[in-house]
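Please examine the structure shown below before reading on. The paragraphs that follow move through aromatic residues, a helix and a loop.

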Amino acid sequence: MADRSIQSTKAMALRKLGINETYQLAMYLLDQYRGTTLSCRYAIPPRLAPAQSRTHLEEVVKIAVVDIIMRHPMLQVGMMNATSKTPSWIQLRSLDLTQHIKWLYIEAHNDFEQTVQETFRVQLDDRFADLSIKQPCWKITVIRQGNAHIMEVLLTWNHPQFDGAGAKVFHEDFLEMLNKAENGAYERTGLDGDILTLPETPPFLPIPIESLKNLPLDLKYLAKVFWEETRPQFLNRDVSQAAWCPIRSSPYKTQFRAFFIDNASLLTILALCRQNKTTITGLINGLALIAFSSHLNSTIAPAFQSSTIMDHRRNLPPAPPDAPWVRSDRTVSNYVTQLPHRFDAEQVARIRSKLPADASEGRDLSTDLQHELWAVSAHNRQEIVHKLEAGLRNDLVGVFKYVTDWQQTMRDMAKKTRQFTWLVTNVGVLNGNTSDDGQRWSISRAQFGLSAEIPAAAIEFAPISVAGQGMCVSANWPDCAVDLMLGERIIADLERWLAQLATSGKIGFE
């Protein structure tokens, strides 16, 4: 391993990290963020499930991973000068697949679901080995129990390597490769045991969006952002910021919770969203507003801000003819941006006036609160639509290009007032190819989670669904900054209220 690392340091630097990649690397280096995980439950074809097929199963998985690596060059590259102001992606000579594929076999008497959740939580807070080792910062962990016809595959990665939408593409392509690998030859060029020798020709990496497209900034927008970033704290009169939750960086620990919604319930909720001109993302934002308004009083939180993570792939030009990923929307890379939302004191006071006198025990949403919920959710959706229509104009990534030292910027951010109370990152619907005869690989559910992002939102929500199979909603928060009981009450509210909407099937207003 050491020899291969020494060889790889002589390899070619392919390009500098893009704006998003450098920003996320700075958070990682400062221990303000650690890892992200997208886990999928795969149905194993019956012929590969028995214990005697274990070697065959592992070979099929390895071949599928190799095929994904060759389709997506960001899985092939390491990093050079990671701690400098201008880190670069570097061409690697080979990958040791034992560093990227881990198998966890558990006994039949063990609780499979408990093992999955414990492994998921641990991996969120795991750090990758020293970046100087020059291995790509991603891995899959396969959890298997006895002869069960399912296995859990946890993809965990360091965010500079790619984003959540890229992870969804990884799993969808992995599913495709599994079905191909099982039926095809098991030899792959460059694969010798667990060592994959990469092609000598440098891989064609996805290009950062700031190098592909212009990111126009109106002077008024730029001036506003500059003022908000540089004004002295004593001039900050913005009561919507999350001053109730001071930014703390240690001890670093992520609190993570998740719940699942079956497909019948999800279909009811989606119908309500359509009738009320919103989406799951808008609905989660609306439910979070009511939950935080319920559990934080007007003295410490008179107003709120939240953030929605959005995917820029829709703004990319067509993929180059020689790109192995073929289509721009199938790129495993880093193309996210943020859209802030503001909920003013008048709006929050109106919601609080409709809350039950004692919300400590948890109550269903009243008719009045459902009116507020759908109004907020629809408005949130409209803000997202306006952002989509604006494309790359007045986007935060355009502002980020003026940052010259991301590590210092993130250190400074950790000393300021927290801006967002919550964040929603929804990677959407994953295609699990489940309308099948059960003889092929398929995905029955997914779970998405982020490690605590120290200077970001107090609580982050990450819904994801599998087509025809239901939805998972997860939440994370930094243990050192957010009270445990508050976090658990907020996520419990969302679970209860989504179940209420699914059960009642009521629109909320006529």
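In this predicted model, W103 counts as partly exposed because its relative accessibility is 23%. Y105 is also partly exposed, with a relative accessible area of 28%. A pair of aromatic rings is described by the distance of the centres and the angle of the planes. The ring centres of W103 and Y105 lie 5.7 Å apart and their planes meet at 10°, so the pair is stacked.

F400 and W406 form an edge-to-face pair, with 5.0 Å from centre to centre and 85° between the planes. F400 counts as buried because its relative accessibility is 16%, and W406 counts as buried at 8%. The whole structure contains 16 aromatic pairs. One aromatic cluster is made up of W244, F292, F304, F343 and W422. Elsewhere, the charged end of R127 sits over the ring of Y28, 4.1 Å from its centre.

Attention now turns to a helix. Helix α3 covers residues 54-71, and its 18 residues should span 26 Å at 1.5 Å a residue; the end C-alpha atoms are 26 Å apart, which agrees. The buried residues of α3 include L57, V60, V61 and A64.

The last stop is R313, located in the loop between β12 (304-311) and β13 (336-343). R313 counts as buried because its relative accessibility is 5%. A polar atom of the R313 side chain lies 2.9 Å from the backbone oxygen of T331. Beyond its neighbours within four places in sequence, R313 is in contact with several residues, among them D163, D329 and Y335.

Notes: Residues are numbered from 1 along each chain as its sequence is written. This is a predicted model: local features need pLDDT of at least 70, side-chain atom pairs count only at pLDDT 80 or more; totals for chains, interfaces and linings use all residues. Side-chain values use heavy atoms; hydrogens and water are left out. Helices (H or I, at least four residues) and strands (E, at least two) are DSSP runs, numbered from the N terminus. Buried means under 20% relative accessible area, exposed over 50%, partly exposed in between (1.4 Å probe, protein chains only). A polar contact is a pair of N or O atoms within 3.5 Å; within protein, one must be able to donate a hydrogen and the other to accept it, and residues adjacent in sequence count only if both atoms are side-chain atoms. Contact means heavy atoms within 4.5 Å. The expected span of a helix is 1.5 Å times one less than its number of residues. Rings of Phe, Tyr and Trp (its six-membered ring) pair if their centres lie within 6.5 Å; planes under 30 degrees apart count as stacked, over 60 as edge-to-face and the rest as tilted. A charge sits over a ring if NZ of Lys or CZ of Arg is within 6 Å of the ring centre and within 35 degrees of the ring normal.
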